[in-house]
Amino acid sequence: MTTSKNISKEKELLIKSRTENLTIVREFVSSAVEEVNAPQDIAGDVVLAVDEACTNIIKHAYKFFPDGDITIKLKYSNNTIIIKITDHGSPFSPDAVPTPDLKKYFEEKRVGGLGMYLMKSLMDDVHYKSVPGKYNQVVLTKKLNSTN
Amino acid sequence: MAEFSTSIKDQGNINVVYLRGFLDAHTAPSLENTFSGLVDKGRYQIVVNFKDLAYISSAGLGVFMAFIEKIRENNGDIKLTSMSDKVFNIFDLLGFPLLYEIFKTEEEAVKKFNEIK
């Protein structure tokens with residue numbers, strides 16, 4: 001089940017924690033950033049970062065439980081796109097995720113952690129907030145005139 | 001629902017895997033199955049053609065990481081080819097060009113396997 005509503009320059013999407021909904025997430029973000037005339041490469045970066053954030057929530061916060069809620073709020077002001085993604089799954093500690101060393105990953109056959117590294121590389125800022133027992137939130141920020 | 005499919009072409013000892021559509025956490029298992037099928041048959045010389053791949057996320061990149069070691073242990077390799085700039089940039093951001101050979105064309109990738117023999 002998904003719902004979306006338009007709040008002036010703020011848009012919101014609610015999805016259930018299933019990987020099949022990633023297509024809906026990408027289409028939502030893609031159309032929202034198109035409306036603010038984001039350049040195509042930046043639009044692509046934002047779409048991928050939100051996909052990675054939602055994928056991490058589905059896998060780690062909800063551990064593939066299919067009926068958790070994920071809310072995506074997208075706001076545009078001062079030439080900046082701000083996306084707040086909220087879930088009610090297990091709390092997440094970003095400091096516990098090391099920056100991946102690809103050589104080491106190769107040797108240890110580990111494949112996690114790439115998503116968070118991509119998010120940090122593609123966005124100007126990635127900020128996590130966790131209120132145990134209530135919600136977790138990741139806030140992605142991307143300036144439109146950014147070259148990052 | 002994300003659209004993703006693979007098809008395989010046999011070319012002597014080499015298999016060319018064509019990716020089409022959107023490769024994300026939902027569709028990555030489909031690529032895992034494709035690689036598993038090749039590995040189970042002892043087909044370790046693999047060229048992956050990205051010409052028709054519109055999108056990749058880290059879940060898709062993880063599939064390449066998961067199989068490369070076993071394939072190289074068996075004197076094989078996964079060589080990548082025909083990526084769009086957008087897809088290449090994601091591979092590049094994560095440092096994949098250090099670990100994988102990436103070619104402009106399928107012919108170059110196939111030729112590289114044939115040179116080794």
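Visitor: In what order do the elements of chain B run from the N terminus on?
Guide: This is a predicted model. From the N terminus on, its elements run β-β-α-β-α-β-α-β-α.

Visitor: What radius of gyration does chain B have, and what does the globule rule give for 117 residues?
Guide: The C-alpha trace of chain B spans about 40 × 25 × 20 Å along its principal axes. Chain B is as compact as a globular protein of its length, because its radius of gyration is close to the value from the globule rule. The radius is 13 Å, and the rule gives 13 Å.

Visitor: What share of the contacts in chain B with a separation of 6 or more joins residues 24 or more positions apart?
Guide: Start with burial: of the 117 residues of chain B, 41% count as buried. Now take the contacts with a separation of 6 or more. Residues 24 or more positions apart account for 71% of them.

Visitor: Which strands of chain A pair with β6(A)?
Guide: Strand β4 (residues 80–87) runs antiparallel to β6(A), and 8 bridges join them. Strand β5 (residues 125–131) is also antiparallel to β6(A), over 7 bridges.

Visitor: Which residue in the turn between β5(A) and β6(A) has a positive phi?
Guide: These two strands form a hairpin. It has 3 residues between the strands. One in the turn has a phi of about 80°: A:Gly133.

Visitor: Which face of β6(A) holds A:Asn136, and which holds A:Val139?
Guide: Both residues face a neighbouring strand: A:Asn136 is the bridge partner of A:Asp87, and A:His127 stands opposite A:Val139. One face of β6 (residues 135–143) has A:Asn136, A:Val138, A:Leu140 and A:Lys142. The other has A:Tyr135, A:Gln137, A:Val139, A:Thr141 and A:Lys143. A:Asn136 is on the covered face, and A:Val139 is on the uncovered one.

Visitor: How do helices α4(A) and α2(B) lie to each other: parallel, antiparallel, perpendicular or oblique?
Guide: Two packed helices are described by the angle between their axes and the distance between the axes. Here α4 (residues 114–122) of chain A and α2 (residues 58–73) of chain B pack at about 130°, with axes 9 Å apart. That angle makes α4(A) and α2(B) oblique.

Visitor: Which residues of α2(B) make the contact with α4(A)?
Guide: The crossing of the two helices is right-handed. From α4(A) come A:Leu114, A:Gly115 and A:Leu118. From α2(B) come B:Ser58, B:Leu61 and B:Gly62.

How values were computed. Residues numbered from 1 in each chain as written. Chains lettered and ligands numbered in written order. Predicted model: local features only at pLDDT ≥ 70, side-chain atom pairs only at ≥ 80, totals over all residues. Buried ≥ 20, exposed ≤ 12 C-beta atoms within 10 Å, placed from the backbone. Helix = DSSP H or I, 4+ residues; strand = E, 2+ residues; numbered from the N terminus. Pairing = 2+ DSSP bridges. Rg over C-alpha atoms; globule rule 2.2 N^0.38 Å. Contact = placed C-beta atoms within 7 Å. Axes fitted to C-alpha atoms, helices over the stretch in contact; angles between N-to-C directions. Parallel < 35°, antiparallel > 145°, perpendicular 65-115°, else oblique. Left-handed = near helix turned anticlockwise from the far one by under 90°.
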